[in-house]
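Visitor: I am new to this structure. Please walk me through the terms used for its parts.

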Amino acid sequence: MTPVQEPPAARPGRGATPTLHDVAREAGVSLATASRALNGSVRNVKDENRERVRQAAEKLGYTTNILAQATVRGTSSVIALLVADIADPYFGLIASGVARGADEQGLIVTIAVTERDAERELRLVRALRGQRPQGLILAASRGGEDTAMRDEVEAFSRLGGRVVSFGGSIADERIVEIDNVAGARMLGEAMAARGYRNAVVLAAAEGIRTSDDRIAGFHAGFTAGGGMADRVYRAGFARESGATAMAAALADGIEPGTLVFGMSDVVAIGAMSAIRDAGRDIGADIAICGFDDVPVSLDVTPPLTTVRVPLTEVGYQAFRATVDEDWTQTPLELEVVVRESTP
């Protein structure tokens with residue numbers, strides 16, 4: 001008698017989406033083993049089976065369903081990062097650090113942009129909560145008490161996700177601190193030591209902690225060295241905000257030898273454009289300094305004096321705060337970098 005042979009396992013047809021059942025069948029393992037292998041579990045999965053499942057998934061073009069995974073686990077393999085402006089190199093460097101940490105852990109980073117709009121940020125957090133990311137990093141500076149956001153963050157935490165924020169606390173989340181006061185104080189002291197006595201400050205709206213801390217620190221350091229920094233012009237964080245605030249200051253009158261402190265490099269670079277548009281020179285006429293040391297601060301003419309913040313490390317630490325049970329922040333070293341914009 002001719003033995004009856006089992007027909008070959010059916011494979012997904014053209015255009016069909018491969019399923020976990022297809023992967024398990026292709027690898028010759030149980031559905032549970034395939035699931036554990038693809039979810040990164042080491043429990044009861046032999047190395048050879050894990051490799052067979054990986055090869056089967058690659059052959060079939062199978063990708064893990066993140067939402068289904070979140071339903072089973074309670075959280076997904078996603079870290080959500082909320083930034084104010086993805087075009088701002090400050091946030092780009094932070095995102096780079098978060099991505100480095102996520103890559104080490106085999107996780108995915110999804111980025112949402114708040115545009116510094118409190119209602120938009122609230123909507124984004126609420127939408128992300130439904131996707132069950134295992135970590136939520138709130139990188140945009142904010143001001144004031146927001147009861148709705150506090151409630152949303154607490155709800156996120158109750159679902160098993162961990163929340164990390166920069167600066168001020170919203171609820172019981174972990175906090176990554178950049179000592180903006182100390183960094184700006186060092187800058188103010190350094191500028192006073194270089195002989196500057198009059199300074200104009202370009203800042204964001206009152207109540208935004210990052211801006212307020214940098215103003216306070218710079219004022220303390222500069223006045224301790226014999227300077228005066230009583231003129232503050234508020235606009236925002238963007239390059240255009242720096243140009244607008246600087247134009248207003250120029251319209252009020254800027255004496256030669258005055259120093260301008262932009263509360264971020266991006267603001268300071270916008271101010272440099274306004275100074276040039278007014279027919280003034282940057283340096284001996286109007287000096288200018290910033291904060292953050294984003295890469296472009298070295299490329300502008302003249303190169304910008306600033307405070308170096310290890311922003312990629314900031315992002316990496318924020319990521320570690322989402323995944324490490326016993327996380328404690330490593331101190332971040334800030335450094336004043338003097339360049340040709342403050343001769």
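**Helices and a sheet, term by term**

Guide: This is a predicted model. Start with helix α2 (residues 31-38) and helix α3 (residues 47-60), whose axes cross at roughly 85° and come within 9 Å.

Visitor: Why is α2 called roughly perpendicular to α3?

Guide: Angles from 65 to 115 degrees count as roughly perpendicular. The crossing of α2 and α3 is at roughly 85°. Therefore α2 is roughly perpendicular to α3.

Visitor: Which residues make the contact of α2 and α3?

Guide: From α2 come Thr33, Ala34, Ala37 and Leu38. From α3 come Asn49, Arg50, Val53 and Ala57. By class, five are nonpolar, two polar and one charged.

Visitor: What is the angle between helix α6 and helix α7?

Guide: About 15°. α6 covers residues 118-131, α7 covers residues 147-158, and their axes lie 10 Å apart.

Visitor: What makes α6 roughly parallel to α7?

Guide: The cut-off is under 35 degrees. The angle here is about 15°. So α6 counts as roughly parallel to α7.

Visitor: Is the crossing of α6 and α7 left-handed or right-handed?

Guide: Left-handed. The residues that meet are Glu121, Leu122, Val125, Arg126 and Arg129 in α6, and Ala148, Met149, Glu152, Ala155 and Phe156 in α7. This contact has six nonpolar and four charged residues, and no polar ones.

Visitor: Now the sheet. What is the order of its four strands?

Guide: β7-β6-β8-β9. The sheet is open, and the pairing is parallel.

Visitor: Why are β7 and β9 said to stand at the edges?

Guide: β7 (228-234) and β9 (286-289) each have a single partner strand, so one side of each lacks a neighbour in the sheet. On average, neighbouring strands of this sheet are turned by 25° against each other, direction ignored.

Visitor: How do you know that β8 and β9 pair?

Guide: A pair needs at least two bridges. Strand β8 (residues 258-262) is joined to β9 by four bridges, and the two run parallel. Phe261 stands opposite Cys289 in β9.

Visitor: Which strands does helix α9 touch?

Guide: α9 (residues 209-224) packs on the sheet and touches β6 (198-203), β7, β8 and β9. The direction of α9 makes about 160° with that of β7.

Visitor: How many helices and strands does the protein chain have?

Guide: The chain has 13 helices and eleven strands. Of its 343 residues, 47% are buried.

Key
Residues numbered from 1 in each chain as written. Predicted model: local features only at pLDDT ≥ 70, side-chain atom pairs only at ≥ 80, totals over all residues. Heavy atoms only, no water. Axes fitted to C-alpha atoms, helices over the stretch in contact; angles between N-to-C directions. Parallel < 35°, antiparallel > 145°, perpendicular 65-115°, else oblique. Left-handed = near helix turned anticlockwise from the far one by under 90°. Contact = heavy atoms within 4.5 Å. Nonpolar A, V, L, I, M, F, W, Y, C, P; charged D, E, K, R; others polar. Buried < 20%, exposed > 50% of the residue type's maximum accessible area, 1.4 Å probe, protein only.
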